[in-house]
Amino acid sequence: MANKTLKDIAKVIRSKNAGPFEVTMDIIFKTKEDYEEIKNRGIITKELISKLYNIPIEKIITFAYFDAANAIKITLPRPRPQGSIGETDMHAAQQHVPLMKIPV
Amino acid sequence: MSNDEIKILTPTAMLGYGFPLKWFKKGIDRNPDVIAVDSGSTDSGPHKLGLGVMTCSKEAYYKDISNILEAAHEKKIPVFISSAGGDGTNVHVDEFINIIKDISKNKGYHFNIAAIYSEMEKSFLIEKLKKNKIKPCGPVEPLQEEEIKLATSIVAQMGVEPYLKILEERDDIDIIISGRTYDPVPIAVLGIKKGFNPGLCWHLGKIMECGALCAEPAGKAMFGILKNDYFILEPLNPSERCTVASVAAHTLYEKTHPYLLPGPGGITDLSETVFEQLDDRRVKVSGSKFIPSDVYTVKLEGAKKVGYRSIFIAGVRDPIAIEHIDEIISRVENEVKEYFSEIPKESYQMVFHVYGKNGVMGEYEIEKNVTPLELCIILEVAAPTQDIATAICSRARTEMLHSPYEGRIATAGNIALPFTPLEIPLGGVCKFNVYHLLELEDPVEPFSIKYLEV
């Protein structure tokens, strides 16, 4: 997979609010093979997420694989309660972009 | 209703958003045991709970409910509508009942209605807080009595038990309208009442509360058939398909965890769920489990009003101004604070949203060294009154327009303003201040039920 990034092998990379205090991100792979490879090689880790989102590892709420959907889910706290003063993304719909560029 | 299957029709993911009648009627032709639809969400922010406004207009609800009632009346199909008005407050439950009364009067329908209210008395919550029965739900601070008092209203997401109580007490109920409700409840309740596998009931509810969002392409109306050890999903629009991939992917949607879904009374565990393609458009799901919790909890939601907002919207194209934007913003902030020295600094907030830099991701943005062609700047001012918010916004706007900065050669103005009014008042601003789990010994206790005939 030389020079490829996650967006080349993922069918879905998205972010969304999960309640008013969390943002959750889903990566769903096009093929079982790619999913298994990324999972087995440990390409995506809590350490990487911490770096990409500028957030301490212990604040990551969920980092989990879901084999039935060939998917990885990552859930982080929002910087402020949804919709309060300073909000930038009500539905947290545009917080997925750092994941797209992960080299695979 | 047959004893070995339950047929459920959901016309749309969100009552009030409208749905194609053609596919809804196709679902009605299949004689569902219930038409179930959720109308609740916290997705669009705290202002609904904080200011008491409904998610959709009354006209939008009237139209959707009219279409549902026509079918309910003709074919005697029960209707369950949850989280009335979006936030599920008592006044919105009554608003929905009034809509049903109006429609029924105009059309000559007769219905027996049960209403369930989910607003919590503040004294009841303070009592529970003192007994340590209220805990944070996720990354939230512990609840303080003060916040309970400051909230405009606080609702609890009821579980299935208040619905079950109604169905046990009365066998002639045509319509249930509930306040804030755990989204899957109106879809799951008949299966749970009949003793079907609760894991499947809840999982079906989780998927169908979003209508046909789990289909490819995503749609509105969904038909679900619940059996003893599996359920089947079929979107009613023939150009939509449920696939193993689309349904499994939807399971993740807007949830904290991919396969553990906590709700009132327990966790739906999808770690051993099996998705099978039944034919081109239908998916069969089995293996979902429900793990009851030791302590029964419901989720509380509350919001308070924290002030008023005004904004201005401005563009920047000059490359020297763009290079010095941080310097300009910092100067504006200082000038405004100095000018309004009589207003306590902690009573208002100025937040610069700088699009082209980090307007979307804010604190989470890690790409710092980019040179944009243009910037869009929105200054958000929040203050105790609308007038103060607009005055601060105005002062900041004029300062920004004329502020000097290093290397400036465009001396007539720093920002391009597209709209009048140049300062735009946005009204009240709210904040979610209650998002906690309340322990209950009796899952029905705080939810009052009312019966009426229209």
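**A chat about the strands and the chains**

Analyst: Happy to! Let's begin with one pair of residues: the bridge partner of B:Leu260 in E11(B) is B:Asp269. Helices (H or I, at least four residues) and strands (E, at least two) are DSSP runs, numbered from the N terminus. Before going on, note that this is a predicted model, where local features need pLDDT of at least 70, side-chain atom pairs count only at pLDDT 80 or more, and totals for chains, interfaces and linings use all residues. Residues are numbered from 1 along each chain as its sequence is written, while chains are lettered from A and ligands numbered from 1 in the order in which they are written.

User: Okay, how many bridges join E10(B) to strand E11 of chain B?

Analyst: There are 4 bridges, and the two strands run antiparallel. Two strands count as paired if DSSP finds at least two bridges between them.

User: What order do the strands have in that open sheet of 3 strands?

Analyst: The order is E10-E11-E14 in chain B, with antiparallel pairing. At the edges are strand E10 (260–263) and strand E14 (289–292), each of which pairs on one side only. On average, neighbouring strands here are turned by 25° against each other, direction ignored.

User: And which helix packs on the sheet?

Analyst: That is H9(B), which touches E10, E11 and E14 of chain B and has a direction at about 80° to that of E11(B). Touching, or contact, is when the C-beta atoms of two residues, placed from the backbone, lie within 7 Å. For the angles, axes are lines fitted to C-alpha atoms (for helices over the stretch in contact), and values run from 0 to 180 degrees between N-to-C directions.

User: What about the open sheet of 10 strands, what is its order?

Analyst: In chain B that sheet reads E12-E13-E9-E8-E1-E2-E3-E7-E4-E19, and its pairing is mixed. Its edge strands are strand E12 (274–277) and strand E19 (449–453), each pairing on one side only. Strand E4 (residues 112–116) and E19(B) pair in the antiparallel sense over 5 bridges, and B:Ala114 stands opposite B:Tyr451 in E19(B). Packing on this sheet is H7(B), which touches E4, strand E7 (175–178) and E19 of chain B, at about 45° to the direction of E19(B).

User: Let's pick one residue. Is B:Ser178 buried or exposed, and why?

Analyst: B:Ser178 counts as buried because it has 29 C-beta neighbours inside 10 Å. The cut-offs are 20 or more other C-beta atoms within 10 Å of its own for buried, 12 or fewer for exposed, and partly exposed in between, with C-beta atoms placed from the backbone. B:Ser178 is found in strand E7 of chain B. Not counting residues up to four places away in sequence, B:Ser178 touches B:Ser82, B:Ala84, B:Ile116, B:Ser118 and B:Met158.

User: Switching to helices: how many residues of helix H8 of chain B are buried?

Analyst: Helix H8 (residues 185–193) is mostly covered, with 8 of its 9 residues buried. Among them are B:Val185, B:Ile187 and B:Leu190. The cover includes strand E1 (6–10), strand E2 (34–38), helix H7 (161–169) and H9 of chain B.

User: Last topic: how many residues does the contact take from each chain?

Analyst: The contact takes 38 residues from chain A and 39 residues from chain B. On the side of chain A that touches chain B, the residues divide into 19 nonpolar, 14 polar and 5 charged. Here Ala, Val, Leu, Ile, Met, Phe, Trp, Tyr, Cys and Pro count as nonpolar, Asp, Glu, Lys and Arg as charged, and the others, Gly among them, as polar.
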